[in-house]
Amino acid sequence: MGTLDPVGLQSSLFFESAAEIYGRVFRELKPRTALPELRIEFCQFANPDSFIRLENGRLHVRMSDLLEGAPAPVLEALAHILLGKLYRKEVPRIYSHRYKLYLNRRDMRRQAHLVRQIRGRKYISGPKGELHDLEAVFEALNLQYFDGMLGRPQLGWSRQPSRTMLGHFDPSHNAIVISRIFDRPGVPLVALEYVMFHEMLHLRFPVDHARSRRCVHTKEFREAEKQFPYFKEAKEMLKKL
Ligand SMILES: [Zn+2]
C-alpha cells in the first residue's frame with residue numbers, strides 16, 4: 001500500500017528521510033567535499049534543542065524528539081542551520097525564519113512546556129511483552145503503510161489489561177502505550193496491529209493534544225484509518241475482547 005497522504009498536505013520532500021535531507025543540504029554547502037558518514041538521532045531533550053558535531057570523519061546529528069513528527073521542510077531548515085553553524089556559512093533567512101516559525105507555533109511551545117513539567121515522571125514499560133514485541137509490530141506497520149518514515153516513539157504496555165483504554169499516544173512523552181489485553185493468548189494479532197496502526201496515525205497527523213485528553217480524529221485521520229485492510233474485522237474483534 002502507498003503512503004497515507006490522502007490530501008497531499010506534505011510536500012514531496014516528505015519522502016526524504018532525515019539522513020537524505022542532511023546529505024542533500026551537505027552537498028549544497030560543501031559540493032567539493034565527500035559526504036561523511038551520517039548518524040542521526042532523535043533524543044529526549046527537555047527543550048527542542050539540536051546539536052551537530054563532526055567526529056572521526058562522522059557527522060553526528062542529535063535532534064530533540066519533539067521534532068520527530070516535524071514536516072520535512074522544517075527538518076530541512078534545521079539541517080541548513082546546523083550544517084551552516086558547523087561550517088561557518090551564513091544561513092539563508094528563509095531557513096532560519098521557517099524553523100523559528102515552526103518552534104513558535106503555540107502547540108509546539110505548549111508541548112515543550114508540558115514535556116519539561118512531566119518528563120521523567122511517567123513509567124513506560126519496555127516494548128517486549130509475554131507474546132508480542134511492540135517494536136516489531138510498529139516497524140512492520142511503519143514499512144507497510146508509512147514507507148518506514150515514522151520516527152519510532154517510546155513503546156510500552158499498560159500496567160493493567162484495560163478494555164476501555166486499548167491504546168493511546170501520549171505526545172508529551174512521545175510514547176504509544178498499548179493495553180496488555182493484546183498480549184494474551186487467543187487475542188488475534190490483527191487486533192493489536194489495528195490499535196497500533198491507529199496510534200501511529202496520531203503520530204502521522206499531529207494535533208493539539210495538550211488542549212484536552214480526548215483523542216482527536218480529523219476527517220483525514222478517519223480516511224487514512226480505512227487503509228488498514230482488516231479495518232472492519234479488527235473493529236469487530238475489539239468489541240469481543
Ligand atoms: Zn485515537
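A: D147 is partly exposed, with a relative accessible area of 38%. The model is a predicted one, and D147 sits in the loop that joins α5 to β4 (154-157). Although D147 is not a glycine, its phi is positive, at about 55 degrees. N56 is another non-glycine residue with a positive phi, here about 50 degrees. N56 belongs to the loop between β2 (50-55) and β3. With 79% relative accessible area, N56 counts as exposed.

The overall layout comes next. The chain is built from eight helices and six strands, and their order along the sequence is α-β-β-β-α-α-α-α-β-β-β-α-α-α. The chain has 241 residues, of which 44% count as buried. When contacts between residues at least 6 apart in sequence are considered, 56% of them link residues at least 24 apart.

Helix α6 (residues 189-204) packs with helix α8 (residues 231-239) at an angle of about 105 degrees, and the two axes are 9 Å apart. Because angles of 65 to 115 degrees count as roughly perpendicular, α6 is roughly perpendicular to α8. On the α6 side, the contact is formed by V190, A191, Y194 and V195. On the α8 side, F231, A234, K235, M237 and L238 take part. By residue type, the contact of α6 with α8 has eight nonpolar residues, no polar ones and one charged residue.

Which residues of α8 are buried? They are F231, A234 and L238. These residues span an arc of only 65 degrees around the axis, so they lie on the same side of α8. An α-helix has 3.6 residues a turn, so residues three or four places apart point the same way. On the face turned away from the buried side of α8 are the exposed residues K232 and K239. The cover over the buried residues of α8 includes α6 and also α7 (219-225).

F197 is buried, at a relative accessible area of 0%. Its C-alpha atom is 8.6 Å from that of N142, a residue 55 places away along the chain.

E76 is in helix α2; its relative accessibility is 8%, under the 20% cut-off, so E76 counts as buried. A70 is in the loop between β3 (58-64) and α2 (72-86). A70 has 9% relative accessibility and counts as buried. Leaving out residues up to four places away in sequence, A70 touches L75 and Y102. Between the C-alpha atoms of A70 and L103 the separation is 10.0 Å, and these two residues are 33 apart along the chain.

Confidence is the last point. The chain has a mean pLDDT of 82, and 81% of its residues reach 70 or more. Where is confidence lowest, and where highest? Within the chain, the lowest confidence is in helix α4 (residues 106-118), at a mean of 63, and the highest is in helix α5 (residues 134-146), at 94. Two stretches need separate mention. Residues 1-14 have pLDDT under 50 throughout, and the model gives them 32 contacts beyond four places in sequence. The pLDDT is also below 50 over residues 209-213, a stretch with seven contacts in the model beyond near neighbours in sequence.

Key. Residues numbered from 1 in each chain as written. Predicted model: local features only at pLDDT ≥ 70, side-chain atom pairs only at ≥ 80, totals over all residues. Heavy atoms only, no water. Axes fitted to C-alpha atoms, helices over the stretch in contact; angles between N-to-C directions. Helix = DSSP H or I, 4+ residues; strand = E, 2+ residues; numbered from the N terminus. Parallel < 35°, antiparallel > 145°, perpendicular 65-115°, else oblique. Contact = heavy atoms within 4.5 Å. Nonpolar A, V, L, I, M, F, W, Y, C, P; charged D, E, K, R; others polar. pLDDT = per-residue confidence, 0-100. Buried < 20%, exposed > 50% of the residue type's maximum accessible area, 1.4 Å probe, protein only. Arc of directions from axis to C-beta.
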